[in-house]
Amino acid sequence: MTPRTTRRPGARALATAGAAALALTACSAVGSGSGSGASDDATGTAGGGTVTLVTHESFALSEGLLEQFEEESGLTVEVVQQADAGALANQLVLTKDAPLGDVVYGLDNAFATRALDEGVVVPADVTAPAAEDAARYAVEGDDDGALTAVDYSDVCVNVDTAWFAEHGVPEPTTLESLLDPAYRDLLVVPDPVTSSPGLAFVLATIGAFGEDGWVDYWADLRDNGLKVADGWSEAYYTDFTAGGGDGPRPIVLSYASSPPATVPEGGTEPTTRALLDTCFRQVEYAGVLAGADNPEGGAQLIDFLLSDAVQADLPGSMYVYPVSTAVELPEEWARWAPLAEEPFEVAPADIDAHREEWLATWSDTVVG
């Protein structure tokens, strides 16, 4: 992931600030363990030793959850952090003969097929009840179940509803409506070359307009005053009018889960809204790494990620939706963070086959 640029909105960004800082050294230790890779004291058997989790910089769980897992399992958890999903996938491929750890979390559907094709993950004995729910998000072709879905989110265009009301301008509703001259110079998106939500938005346009139309769509966005920020944080917190930085643009690429974080103190509803007809669904996966020192511990850690405690924690700690149907969403999510009924889709195998080509074409079209 080349820097993932804090991919979650509002409270998520604050919750992960410490993790992001630690990611500057590409490694952090959680619990009593320390180190930067698969530890020499890993026993390779359940019930003891060290298990090393390789993940992205936004990984964060509420205080005490990992410690409770360590106490109950007898394992020590070490966390090795990369930047975002792309860098994570790249590092796993480059180090597959000497893996960075035992288990990976955070590969998304834009990079899942690459991980499978390169053989960096292997099937694991995942026994958590939520594994049945996770199977609904299985990667096509992953017949052995080497990747297990943990969470998902919808990347969508968001609008500052207060700005539009104040200026008497109708809000856009669809991808096509963003081309209207009424929205000239109002949209900011993160660079898809350096940002996983930015890549997801490119995929949304490919899903919406097909191979024959997506490039022209981006050319039209460019001509309508599109701004491209380095990453999600810059787009949301600096350029977006509702991001707290007094930015000039009231339309931003973010998440369906962003609006609850914009309910003002003492307020009753968000000041932003996600456009649910513009979304691409990201799914994040976990898997045991090929050549892991402690594959059994890795499988235990995946079970932990699918536990009710973690699944219920995900909306608040990482601003993503749990795959488990056994946990309830926070009330504000149920009210203000609905998912897209029909998000745009691109098959993971197609993404893997054309990702670099599509990004080069996007850069030639938008950046020049």
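Here is a short chat about the disulfide and a charged surface patch in this predicted model.

Colleague: OK, which cysteines form the disulfide, and how far apart are their sulfur atoms?
Modeller: That's Cys156 and Cys279, with the sulfur atoms 2.0 Å apart.

Colleague: Is the disulfide right-handed or left-handed?
Modeller: Right-handed, because the torsion about the S-S bond of Cys156 and Cys279 is about 110°.

Colleague: And which parts does the pair tie together?
Modeller: Cys156 is in strand E6 (residues 148-160), while Cys279 is in the loop between strand E10 (272-274) and strand E11 (280-289). So the pair links parts that lie 123 residues apart in sequence.

Colleague: What about accessibility, is Cys156 buried or exposed?
Modeller: Buried, because its relative accessibility is 0% and the cut-off for buried is under 20%.

Colleague: Switching to the surface: which residues form the negative patch?
Modeller: Glu140, Glu211, Asp212, Asp350 and Glu357 make up a negative surface patch.

Colleague: Which helices each supply at least two residues of the negative patch?
Modeller: Helix H8 (196-223) and helix H13 (348-367).

Colleague: Where does Asp212 sit, then?
Modeller: Asp212 is in helix H8.

Colleague: Is Asp212 buried or exposed?
Modeller: Exposed: Asp212 has 77% relative accessibility, and over 50% is what it takes to count as exposed.

Terms used: Residues are numbered from 1 along each chain as its sequence is written. This is a predicted model: local features need pLDDT of at least 70, side-chain atom pairs count only at pLDDT 80 or more; totals for chains, interfaces and linings use all residues. Side-chain values use heavy atoms; hydrogens and water are left out. A disulfide is a pair of cysteine sulfur atoms within 2.5 Å. Helices (H or I, at least four residues) and strands (E, at least two) are DSSP runs, numbered from the N terminus. Buried means under 20% relative accessible area, exposed over 50%, partly exposed in between (1.4 Å probe, protein chains only). Patches are made of residues with over 30% relative accessible area and no salt bridge: like charges are joined within 9 Å, nonpolar side chains (Val, Leu, Ile, Met, Phe, Trp, Tyr) within 5 Å. Accessible areas come from the Shrake-Rupley method with a 1.4 Å probe; for residues, only the protein chains shown count as cover. A salt bridge is a side-chain nitrogen of Lys or Arg within 4 Å of a carboxyl oxygen of Asp or Glu. Lys and Arg count as positive and Asp and Glu as negative; His and the chain ends are not counted. The place of a charge is taken as NZ of Lys, CZ of Arg, CG of Asp or CD of Glu.
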